[in-house]
Amino acid sequence: PAFASADELAAFRQTFDRNWATPRFAIAPYVFESQSTVHLVSADVFQRDAVGNLALDVLRLLRQNNIPARLFATNADLAVTDLAEPRVTLAAQVRPQDRILYFCSTDDPQLEELAELDCHKTAYFHGITDPAKLRVFDPELAAVAGRGIGRLPLLKRFDQLAANSGASAAVLSTAIGVPVDEVSIIPPLLLPAADRPAP
């Protein structure tokens, strides 16, 4: 309804490059299970946003390597709504042999349902702003951040935990009561294939 024609919508969607071959990302030496699908899940997927950019880049990486992958979001940029499937449809599509990569960055009312799904689950924690730092400027956003932090213990049900920095790993470790060394630190940037470090 936001566009006068299908051509206008197609032109608008070209703001996101759908040539999955570029830029070519480096991959780790890993043999992926052929009958598995990777479900990338985030509350929000927007271009030019750290969480959205990483989710879209990981989708690109997986497609470059012919790994079945789907992207799910509650809210998505209009330019990528054809790529980000509605989050409410996720549970019906996940099989035990599948994998979920969950991008955690805000309050997510559907996190409990996600934590209960029967498959291998990895949570990647981008961090949630301390509500005390938001309260004076944006009380509503502070409340959202507080709810998000309150839900973090649900991530303890995930099989693997990762964070975008040491500071985020420490927050997650404290929130869910696991040793900080159980949280892998992975910077949120995929390397071009030419820059892959030697093994």
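Trainee: Which residue lies over the face of W20?

Mentor: Bear in mind that this is a predicted model, where local features need pLDDT of at least 70, side-chain atom pairs count only at pLDDT 80 or more, and totals for chains, interfaces and linings use all residues. Residues are numbered from 1 along each chain as its sequence is written, and side-chain values use heavy atoms, leaving out hydrogens and water. A charge sits over a ring if NZ of Lys or CZ of Arg is within 6 Å of the ring centre and within 35 degrees of the ring normal. At 4.6 Å from the ring centre of W20, that residue is R63.

Trainee: What is the angle between the planes of F3 and F12?

Mentor: The structure holds 4 aromatic pairs (ring centres of Phe, Tyr or the six-membered ring of Trp within 6.5 Å; planes under 30 degrees apart are stacked, over 60 edge-to-face, the rest tilted). F3 and F12 form one that is tilted, 5.1 Å centre to centre. The angle between their planes is 45°.

Trainee: Why does F3 count as partly exposed?

Mentor: Buried means under 20% relative accessible area and exposed over 50%, with partly exposed in between (1.4 Å probe, protein chains only). F3 counts as partly exposed because its relative accessibility is 27%.

Trainee: Which residues touch the most other members of the largest nonpolar core?

Mentor: A nonpolar core is a set of buried Ala, Val, Leu, Ile, Met, Phe, Trp, Tyr and Cys residues joined through side-chain atoms within 4.5 Å. In soluble globular proteins, nonpolar side chains tend to be buried together. The largest core here has 29 residues, and those touching the most other members are Y102, L114, L155, F158 and L161.

Trainee: How many residues are in the other core, the one with V58 and L61?

Mentor: That core lies apart from the largest one, and V80 and A84 are also among its residues. Its size is 27 residues.

Trainee: How many residues of α2 are buried?

Mentor: Helices are DSSP runs (H or I, at least four residues) and strands are E runs of at least two, numbered from the N terminus. Helix α2 covers residues 50–64, and its buried residues include V51, L54, R60 and Q64. Out of 15 residues in α2, the number buried is 11.

Trainee: Which residue caps the N-terminal end of α2?

Mentor: Look for a side-chain oxygen 3.1 Å from the backbone nitrogen of V51. The residue that supplies this oxygen is D49.

Terms used: Expected span 1.5 Å × (residues − 1). Polar contact = N/O pair within 3.5 Å; in protein donor to acceptor, adjacent residues only side chain to side chain.
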